Amino acid sequence: MTRRGDVCIWSDEQVRGRGRKERSWFGEPGRDVEVTFRVERYLPQRPELVASALPTSILLALEDACSTRLTLKWPNDVLNAGRKLCGILMDVHGSTEPVWLIGIGVNVARDGFPPMLMDRATSLRELAGHSVPREDVLLGLATAVDTALAAVQQGNLERLT
């Protein structure tokens with residue numbers, strides 16, 4: 001599904017992360033994955049389906065990474081037992097040649113969190129009981145994004161909605 005102009009932007013540290021309603025995202029340098037996928041000229045017949053297919057596809061990829069059952073808190077959080085593992089933010093700019101920005105933050109290798117997040121956050125390391133390479137998480141997320149966008153484009157959503 002890759003098209004010319006699509007880009008994956010991954011940094012080791014994100015200093016101005018944001019979530020819905022301009023909430024802050026707290027990533028830990030070298031331990032989390034914070035990535036933005038920039039997708040150009042993606043024009044599905046039913047773009048509203050991306051909002052459900054994309055988080056579901058990401059949830060499935062993260063379940064594979066930690067071998068643990070996860071849940072979605074709609075519209076954009078992946079949780080385990082009420083504790084946040086991942087946040088997803090989608091923005092679309094333009095209508096005839098839209099540019100989609102899909103930002104994803106995953107707590108990957110943390111052993112703990114600041115006091116204000118202790119009871120509200122978790123990580124793949126905590127859930128899997130071992131380290132999960134960030135590069136593997138990034139590849140899983142890229143595959144999940146591609147899978148979701150292709151499924152919406154092709155109308156093949158049985159597994160993702």
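Which strands does helix α1 (residues 50–66) lie across, and at about what angle does α1 run to β5? In this predicted model, helix α1 lies across β3, β4, β5 and β6 (99–106), and its direction is at about 145 degrees to that of β5. The legends below treat the sheet, the helices and selected salt bridges.

**View 1. The open sheet comprises six strands in the order β1-β2-β6-β5-β4-β3.** Pairing within the sheet is antiparallel. The edges are formed by β1 (7–11) and β3 (71–73), each of which pairs on one side only. On average, and with direction ignored, neighbouring strands of this sheet are turned by 20 degrees against each other.

**View 2. Strands β4 (residues 77–80) and β5 (residues 83–93) run antiparallel and are joined by four bridges.** For L79, the bridge partner in β5 is K84.

**View 3. Two helices, α1 and α3, are placed against the sheet.** Helix α1 (residues 50–66) extends across β3, β4, β5 and β6. Helix α3 (residues 134–154) packs on the sheet, where it touches β1, β2 (33–40) and β6. The direction of α3 makes about 30 degrees with that of β2.

**View 4. Helices α1 and α3 pack with their axes 8 Å apart, at an angle of about 145 degrees.** The crossing of α1 past α3 is right-handed. On the α1 side, the contact is made by V50, A53, L54, S57, I58, A61 and L62. The α3 side contributes V137, G140, L141, A144, V145, T147, A148, L149 and V152. By class, the residues of this contact comprise 13 nonpolar and three polar, with no charged residue.

**View 5. A salt bridge between D111 and R31 links distant parts of the chain.** The closest N and O atoms of the pair are 3.2 Å apart. D111 belongs to the loop between β6 and α2 (124–128), whereas R31 belongs to the loop between β1 and β2; the two residues are 80 residues apart. D111 counts as exposed because its relative accessibility is 54%, above the 50% limit for that class. R31, at 24% relative accessibility, counts as partly exposed.

View 6. In a separate network, R31, D111 and R125 are joined by salt bridges that share partners.

**View 7. The side chains of R41 and E40 meet in a salt bridge with an N to O distance of 3.1 Å.** R41 counts as partly exposed, at 38% relative accessibility. E40 has a relative accessibility of 15% and therefore counts as buried, the limit for that class being under 20%. The count of salt bridges in the model comes to nine, among them the pair of R41 and E40.

Technical notes. Residues numbered from 1 in each chain as written. Predicted model: local features only at pLDDT ≥ 70, side-chain atom pairs only at ≥ 80, totals over all residues. Heavy atoms only, no water. Pairing = 2+ DSSP bridges. Axes fitted to C-alpha atoms, helices over the stretch in contact; angles between N-to-C directions. Contact = heavy atoms within 4.5 Å. Salt bridge = Lys/Arg side-chain N within 4 Å of Asp/Glu carboxyl O. Buried < 20%, exposed > 50% of the residue type's maximum accessible area, 1.4 Å probe, protein only. Left-handed = near helix turned anticlockwise from the far one by under 90°. Nonpolar A, V, L, I, M, F, W, Y, C, P; charged D, E, K, R; others polar.
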